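Me: I have a structure to go through. Can we take it piece by piece?
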Amino acid sequence: MNRLTLTASLLALLTATPALAQTSPSVGVSGATAPTTQGGANAVALLRDPKDPARSVIAASAKLGGLELYGLDGQRIAAIPGGEVYAADTREDGPRALLAVLDRQAGRLRLFGRDYASGETTAIDARPLLLGYSGEGICLHRSARDGALYAFAMGREGQLDQWLLYATADGKIDGRVIRTLRLSSEAKYCVADDASGALYVAQKAIGIWRYDADPEAEPVPTIVDINRLGHIAGEVGGLAVINGGKGSDYLVAANADAGDYNVYDRGAGDRFLGAFKVQANGAAAIAGPSGLFGVRAPVGPGLSGGALLIADDRKAGANSKIISWKDIASALNLSPGQDAPTTPPSKVALVHPSMETEPVGHDGDAADDPAIWVHPTDPARSAIIATDKKGGLLVYDLSGKRLQYLADGKMNNVDLRGGFKLGGRTVTLVAASDRTHKAIALYTLDPETRQLTSVAEGVEATGLSDPYGLCMYRDRKGGTFVFISDPDGLVRQWKLTATPAGKVAAQAVRDLKFDTQTEGCVADDEIGALYVAEEDVALWRLGADAKAGQVRKAVVRIADNAALKDDLEGVGLYAQADGKGYLVVSSQGNNSYAVFRREDGNAYVGGFAVAANGDNGVDGISETDGLDVTSASLGAGLEAGAFVAQDGRNISPPEHQNFKLVPWSAIAAKLKL
């Protein structure tokens with residue numbers, strides 16, 4: 001978290017005026033479970049039956065006694081061995097409730113499924129999901145964007161691991177760590193809101209943070225409340241979300257040392273609304289809050305407006321308490337909200353990568369732009385040429401293995417064209433924007449060895465302040481051109497020609513000027529069109545020929561399409577016969593890709609995002625700079641071509657940036673292309 005963000009958050013906390021009086025109103029207990037058999041209560045969750053809420057079940061931890069299940073009347077109905085259970089959370093999972101618990105003794109996640117119809121509870125983890133540490137807390141998140149299920153596990157040393165949980169062929173659940181965050185100290189409680197994708201974490205002795213639960217999101221936390229300086233007296237004893245829809249969406253935190261339960265308005269930047277106490281006969285009804293669980297939907301008799309469950313880890317008679325959410329809302333003069341607020345379905349299609357390349361050699365923001373080369377006779381031997389803008393060019397095979405690395409300079413963007421006549425041969429010419437020498441780097445690619453060889457006639461200086469974006473164009477007469485942009489909005493066009501010495505020279509033939517920075521571009525050789533992404537403004541279409549002038553037309557403006565969020569970065573062309581096909585543009589600000597028709601005025605088709613693939617362990621793609629796409633067959637599984645993009649946050653495992661591949665057939669199926 002940067003210092004300015006933290007300072008602004010603290011100022012907001014310290015200057016915020018609570019909406020309610022400082023005296024905390026009291027609410028009573030609506031119900032309680034029987035005491036745990038082995039003492040201790042440090043987690044509680046409600047397995048709500050959506051068809052018959054009165055048949056819902058309370059799952060509570062019993063430390064070394066594992067899990068205990070109770071009816072809404074508080075009577076124990078079953079016990080499930082689960083090691084030393086220390087935390088629990090649940091989500092609906094089709095005909096069953098999925099229950100995830102943290103077993104501290106074994107240092108693992110355990111997964112159970114409770115069938116709503118039969119009431120049978122069984123272990124459903126496909127294998128032991130080992131944490132590598134004993135663990136302190138756990139919470140689940142179901143993504144509204146793609147339905148993916150995640151578990152967040154926390155440890156004593158500040159560990160915060162995000163697991164992707166996914167179904168196996170036999171109906172069990174497996175998992176992989178896809179993101180690792182680090183806190184400065186222990187965290188024990190967390191809760192995630194499925195509708196908004198917000199993750200709240202209570203860090204010991206510090207306060208409550210909010211993260212984006214999307215594994216591809218930037219891992220920058222926002223402070224919600226802070227110990228001593230805010231509305232927290234000491235350590236937080238549990239977190240819960242009560243989502244009653246717009247205007248009634250709340251976060252509840254157990255302010256244990258003060259004996260209060262803080263309520264925050266999630267629709268107003270988590271603004272503190274006030275606090276309440278849980279009392280019976282004028283005394284605290286809960287001695288040791290040690291885990292919360294909230295539900296807004298009707299639960300059963302007397303709980304038509306939902307409930308807040310609190311694990312009470314008292315020294316004697318530890319159990320779980322049930323408090324009516326309607327009673328809490330009434331005491332604080334809050335809107336109780338809707339029973340089942342709707343979440344608008346995501347309009348972004350989700351696909352999964354089938355391959356990722358080996359990481360680039362430099363850390364930080366290094367990988368940038370790929371180009372797909374199609375082998376003329378053996379599609380499976382095609383290759384991906386890519387840039388490491390801190391060092392050079394790379395060549396990968398279709399399994400992601402690095403075949404070559406050329407440390408020739410800070411190469412930003414790359415493109416290629418076949419059919420170039422050089423030294424009596426027809427070659428594939430590769431061009432890259434060389435920021436080290438402010439030049440055009442030029443190579444040929446050997447189809448047998450798949451190795452690059454420099455063919456530039458010396459340093460082909462660009463005269464640009466910083467050669468940035470690049471794309472190539474081959475006109476109908478066989479002329480080959482390259483476009484390179486700089487951060488000042490200038491795009492310069494060169495014609496590439498062979499020299500008698502078997503080298504390639506470049507001659508500037510046109511300048512195009514944009515108001516702001518451009519980078520991504522692609523040329524459609526067949527129709528003579530050039531597409532340029534002005535990062536914060538629009539995708540433009542111009543003539544690609546040198547004599548076409550400055551006339552341009554906006555394919556789409558960011559301000560006019562809610563699916564786009566700046567920066568617009570990589571641009572690729574999926575060219576089919578008869579002028580058909582698609583343009584693909586990376587919408588970097590929301591980790592998605594917009595698709596437009598190649599024909600019919602470049603009409604918008606839809607968008608897609610690339611999410612983690614649980615089967616092969618390849619994580620999703622985020623913060624994409626460059627991309628490429630081809631309609632040519634690349635062999636088995638890629639008969640309809642492929643999409644390749646730079647991954648700006650290579651999180652699973654955390655490594656240097658790389659490039660990931662998605663079969664075009666998967667994109668076409670999701671977008672009905």
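Me: Where is the place of Glu-448?
Reply: Glu-448 sits in the loop between strand 36 (439-445) and strand 37 (452-454). Strands here are DSSP runs (E, at least two residues), numbered from the N terminus. This is a predicted model: local features need pLDDT of at least 70, side-chain atom pairs count only at pLDDT 80 or more, and totals for chains, interfaces and linings use all residues. Residues are numbered from 1 along each chain as its sequence is written, and side-chain values use heavy atoms, with hydrogens and water left out.

Me: Why does Glu-448 count as exposed?
Reply: Because its relative accessibility is 56%, and exposed means over 50% (1.4 Å probe, protein chains only).

Me: How far apart are the C-alpha atoms of Glu-448 and His-375?
Reply: They are separated by 9.1 Å, though the two residues are 73 apart along the chain.

Me: New topic. What lines the second largest pocket?
Reply: It has 40 lining residues, and Arg-145, Asp-214, Ser-346, Val-348 and Asn-590 lie nearest its centre. A pocket is an open set of points on a 1 Å grid over the protein atoms alone, with protein on both sides within 12 Å along at least five of seven lines; lining residues have an atom within 4 Å of a point.

Me: Which strand gives the most to that lining?
Reply: Strand 50, with four residues.

Me: And how do the lining residues of that pocket divide?
Reply: Into 17 nonpolar, 15 polar and eight charged. Ala, Val, Leu, Ile, Met, Phe, Trp, Tyr, Cys and Pro count as nonpolar, Asp, Glu, Lys and Arg as charged, and the others, Gly among them, as polar.

Notes: 1 Å grid on protein atoms, 1.4 Å probe; cavity = no way out; pocket = protein on both sides within 12 Å on 5 of 7 lines; lining within 4 Å. Buried < 20%, exposed > 50% of the residue type's maximum accessible area, 1.4 Å probe, protein only.
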